[in-house]
Amino acid sequence: MCITKGFVSLVGAGPGHPDLLSRKAERVIKRADIILYDRLVNPFIIQFAKPEAELINVGKIPYGKQVKQEKINALLVEAAFNHKHVVRLKGGDPAIFGRVKDEVEALEAEGIAYEIVPGITSASAAVASYGVGLTERNVATSITFTTGHFKDSMERDIDITSLLDGGTLAIYMGVKRLPKLMDFIMTQAKVDYNVVVIFNATRFNEFKVEGTVSNIADQVANVDVAGPAVIIVGDVTTSILEKQHIIKKRFLIKGMYDDAMTKALDLYDDGYECFIEVDEAETRHPSQRAFQREIIEETHFDDFIKV
């Protein structure tokens, strides 16, 4: 008997703002029969799903309780055997510290067709919101992306070659190890570079902490801020130090889906953040209703709008 297998899209949801989602990513999310999503994905982006799509939270949260990668691989394969189009939705770019190779190997082992849909990575988006690039003529001509979080919490040195050569260093998932990372840079480079730690890049509550290699760990420890962060080290940060992001409101939009989506996207254009509470008169997959209730219960909204 021939078993029909679905098609899997490994999709990057970008840093969080829906306008930074690629057209391809939005299209595949909208036509997916099932979406396996990480919790670092902006919940609003998941609401692009069609009404009958099933949602599965695979809960990849740095330093928190999460589904093991092997379990995610198994869920992905199972979904492909039971659905025509599967989306594995990850924050940022799935190919940059996103364990995409593990999932590709699991799919290839079962002969399941797939594609990788790139997303804007958070380091690029984070500095862009301050009108800066990761490279700059006569300032920084190279960039290294590295991670401060290794498998099984293993301690490992980071590559600072480009930083030593006058480039930029972008560190993902490094806040927990920030003191050790900065000690390593100071020991190796003996230069007190400017450092900016940007939390929740492109989101309504984006927040930056400024400092230098010698004091940034203390600066971060003294602020009450949560969420994913990227650490930018190098001379390109000089321009970022002069600018500040204005934190805006988060709205809960209540009403029929199409009207609520239109209103929400308009508010996103003005720098706000939104989530939709779809009217009970509209049919939605039970997993979408459960997802909606969970997000509303655990999220503080500054105001709500009825459309």
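The protein is divided into domain 1, residues 1–120, and domain 2, residues 122–237. These bounds come from an automatic or database domain assignment. This is a predicted model, in which local features need pLDDT of at least 70 and side-chain atom pairs count only at pLDDT 80 or more, while totals for chains, interfaces and linings use all residues. Residues are numbered from 1 along each chain as its sequence is written, and side-chain values use heavy atoms, with hydrogens and water left out.

Taken over C-alpha atoms, the centres of domain 1 and domain 2 are 27 Å apart. Contact here means heavy atoms within 4.5 Å, and 12 residues of domain 1 are in contact with 15 residues of domain 2. How much area do domain 1 and domain 2 bury between them? About 1200 Å², with 70% of it on carbon and sulfur atoms. Buried area is the accessible area, with a 1.4 Å probe, that two parts lose on being put together, summed over both.

Now the sheets. Helices (H or I, at least four residues) and strands (E, at least two) are DSSP runs, numbered from the N terminus. Two strands pair if DSSP finds at least two bridges between them.

Angles run from 0 to 180 degrees between N-to-C directions, and axes are lines fitted to C-alpha atoms, for helices over the stretch in contact. Within this sheet, β8 (194–199) and β10 (229–233) run antiparallel and are joined by 5 bridges. Valine 197 stands opposite isoleucine 231 in β10.

Another open sheet has 3 strands, ordered β12-β11-β13, with parallel pairing. Which strands are at the edges? They are β12 (273–278) and β13 (303–306), and each pairs on one side only. The twist here averages 25° from one strand to the next. Strand β11 (250–255) pairs with β12 in the parallel sense over 6 bridges, and isoleucine 253 has isoleucine 276 in β12 as its bridge partner. Helix α10 (257–269) lies across β11, β12 and β13 and runs at about 175° to β12. Helix α11 (286–298) also packs on the sheet, where it touches β11 and β12, and its direction makes about 135° with that of β12.

Last, the two residues. Threonine 202 sits in the loop between β8 and β9. Is threonine 202 buried or exposed? Threonine 202 counts as buried because its relative accessibility is 15%; buried means under 20% relative accessible area, exposed over 50%, and partly exposed in between, with a 1.4 Å probe and protein chains only. Leaving aside neighbours within four places in sequence, threonine 202 is in contact with Pro15, Gly16, His17, Leu20 and Ala125.

Arginine 177 is in the loop between β7 (168–172) and α7 (178–189). Arginine 177 is buried too, with a relative accessible area of 13%. Its side chain reaches the backbone oxygen of glycine 148 at 3.2 Å. Arginine 177 and alanine 25 are 152 residues apart along the chain, and their C-alpha atoms are separated by 32 Å.

Definitions and conventions: A polar contact is a pair of N or O atoms within 3.5 Å; within protein, one must be able to donate a hydrogen and the other to accept it, and residues adjacent in sequence count only if both atoms are side-chain atoms.
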